[in-house]
Amino acid sequence: MEGDQLQKIFDQNNSERDLLLDELCDEVGSGHLSRDKLDFLVRKVVAVLPEEKDPTVRESFMNLLSEAYLQTGERAVIDEYVLDNINAMVPAELVHAFAMLSDSTVGDRERILRDFTQSQNVAVREAAASYLS
């Protein structure tokens with residue numbers, strides 16, 4: 001993860017951000033980032049995600065957080081973001097939020113997932129239920 005790559009990812013005028021994020025996600029998933037770099041990245045993503053307007057980029061950011069979740073020391077930061085924003089997330093983001101919640105130590109994670117099994121959206125219902133089994 002080079003500084004130039006990060007700059008391009010967080011530049012909202014860059015039309016290839018989602019592709020760059022997917023590449024970065026592969027790096028995170030394969031464990032190629034140091035814990036310090038990963039923690040920095042998680043804090044940065046959580047800081048910019050609330051203002052992100054592009055739904056594809058939002059989903060890619062959530063995917064990145066999901067890939068980083070078990071490797072980072074910043075799980076509490078991710079948990080707080082998910083809990084504060086889960087009700088406003090679209091299905092593509094929720095899939096990642098559910099995965100992180102299922103690995104979380106958040107006390108009411110099962111209740112939150114159960115609540116989403118009542119969603120009118122079939123994909124959301126099924127995804128939430130899959131993390132309860």
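This is a predicted model: local features need pLDDT of at least 70, side-chain atom pairs count only at pLDDT 80 or more; totals for chains, interfaces and linings use all residues.

Start with the rings. A pair of aromatic rings is described by how far apart the centres are and by the angle of the planes. The count here comes to two aromatic pairs. One of them is Phe-10 with Phe-61, a stacked pair with 5.7 Å centre to centre and 15° between the planes. Planes under 30 degrees apart count as stacked, so that angle qualifies. This pair ties together distant parts of the chain: Phe-10 sits in the loop between helix H1 (3–9) and helix H2 (17–29), while Phe-61 belongs to helix H4 (residues 55–68), 51 residues apart. Both Phe-10 and Phe-61 are buried.

Elsewhere, Arg-75 puts its charged end over the ring of Tyr-69, 6.0 Å from the centre.

Now turn to helix H8. Which residues of helix H8 (residues 122–130) are buried? They are Val-124, Ala-127 and Ala-128. Looking down the axis of H8, these buried residues fall within an arc of 95°, so they line one face of the helix. Among the things covering the buried residues of H8 are helix H6 (91–103) and helix H7 (109–116).

Finally, check the N-terminal end of H8, which is capped by Asn-121. There, a side-chain oxygen of Asn-121 lies 2.9 Å from the backbone nitrogen of Ala-123.

Terms used:
Residues are numbered from 1 along each chain as its sequence is written. Side-chain values use heavy atoms; hydrogens and water are left out. Buried means under 20% relative accessible area, exposed over 50%, partly exposed in between (1.4 Å probe, protein chains only). Helices (H or I, at least four residues) and strands (E, at least two) are DSSP runs, numbered from the N terminus. The arc is that of the directions from the helix axis to the C-beta atoms. Contact means heavy atoms within 4.5 Å. A polar contact is a pair of N or O atoms within 3.5 Å; within protein, one must be able to donate a hydrogen and the other to accept it, and residues adjacent in sequence count only if both atoms are side-chain atoms. Rings of Phe, Tyr and Trp (its six-membered ring) pair if their centres lie within 6.5 Å; planes under 30 degrees apart count as stacked, over 60 as edge-to-face and the rest as tilted. A charge sits over a ring if NZ of Lys or CZ of Arg is within 6 Å of the ring centre and within 35 degrees of the ring normal.
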